[in-house]
Amino acid sequence: MINIDWAHFTPYSALLGGALIGLGASLFAVLNGRIAGISGLLGSLLPRGGEGRSEKALFLAGLLVAPLLWLLLSEPPAVQFDTGWPGLLLAGALVGIGSRYGAGCTSGHGVCGLSRLSPRSAVATLSFMASGFAMVYLIRHLLGA
Amino acid sequence: MRGVAAFIAGLVFGIGLLVAGMANPAKVLAFLDIAGLWDPSLALVMASAIGVALLPLQWSRRQQRALLGGTMQMPNARQLDKRLILGSLTFGAGWGIAGICPGPALVLLPLGYWQISLFVVAMLMGMGVFAVLERRRG
């Protein structure tokens, strides 16, 4: 039934990258007492005020510096887009508003929430996974784009 | 000290996204395309991240204070409501259109792709709409 794309399957870099993601999230929780949820961190920086702004901003600064450090040490990462500008605009808007209403995204619910064994995050993760799979099915197999 | 720790945590997290292939929208879409030629790599990313974070987050959940001081800010909401589910479904629909979620969007931003700039502007506008609607709600 399921056709696995063995040629593009990258188990080792996936496991290593995942471990680093887990390590970054662990450091932020243990040392700073915060959840490494990117949509939540971004959203909480939008209104003025609020406590802990500087360390939230510094975590996000680390994310922004990561690709620059990468370029110093290695080849540019493989990046390929399959979506035109109308799709990107719609996708960005849905990701922005949906992740704030749902109180989290792949990092906050998917990585941190599941690691906390939070039932709320399990429901959120199942929901966004399901609609992600459904959207790709709709676009690629029903609309044939 | 807290600031340095936060920066390093973000840096490690961001390098992880790049190593994992999460910052390649085509690879994310290949993972979400379960009916096509399926690339299961990102399931391993998730499993590995949770495997590493499980004990530290369980520990954090039980503490009053973080190691570098300050209160533990762990979420305590428990209700499974319409906002959580509809919000997450909406987020997933956007994720499925372009294969980009907020973390990878920030990691890709400095690399100068117009696609990411456009996505991030739209994402921040979406978050802004949420902030305005929330303020109206009181």
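Visitor: What pattern does chain B follow when read along the sequence?

Guide: Chain B reads α-α-β-α-α-α-α, and its secondary structure comes to six helices and one strand. Helices are DSSP runs of H or I with at least four residues, strands are runs of E with at least two, and both are numbered from the N terminus. This is a predicted model, in which local features need pLDDT of at least 70 and side-chain atom pairs count only at pLDDT 80 or more, while totals for chains, interfaces and linings use all residues. Residues are numbered from 1 along each chain as its sequence is written, chains are lettered from A and ligands numbered from 1 in the order in which they are written, and side-chain values use heavy atoms, with hydrogens and water left out.

Visitor: Why is S115(A) called buried?

Guide: Buried means under 20% relative accessible area, exposed means over 50%, and partly exposed lies in between, with a 1.4 Å probe and protein chains only. S115(A) has 0% relative accessibility and therefore counts as buried. S115(A) is found in helix α5 of chain A, residues 106–115.

Visitor: Which residues does S115(A) touch?

Guide: Leaving aside residues up to four places away in sequence, S115(A) touches I50(B), A53(B), L54(B), L57(B) and Q58(B). A contact means heavy atoms within 4.5 Å.

Visitor: How many disulfides does the structure hold over all chains?

Guide: Over all chains there are zero disulfides. C105(A) is in none, and the nearest cysteine sulfur, that of C101(B), is 6.1 Å away. A disulfide is a covalent bond between the sulfur atoms of two cysteines.

Visitor: What percentage of chain B counts as buried?

Guide: Of its 138 residues, 55% count as buried. Chain B exposes about 5,900 Å², of which carbon and sulfur atoms supply 65%; these areas come from the Shrake-Rupley method with a 1.4 Å probe, and for residues only the protein chains shown count as cover.

Key
A disulfide is a pair of cysteine sulfur atoms within 2.5 Å.
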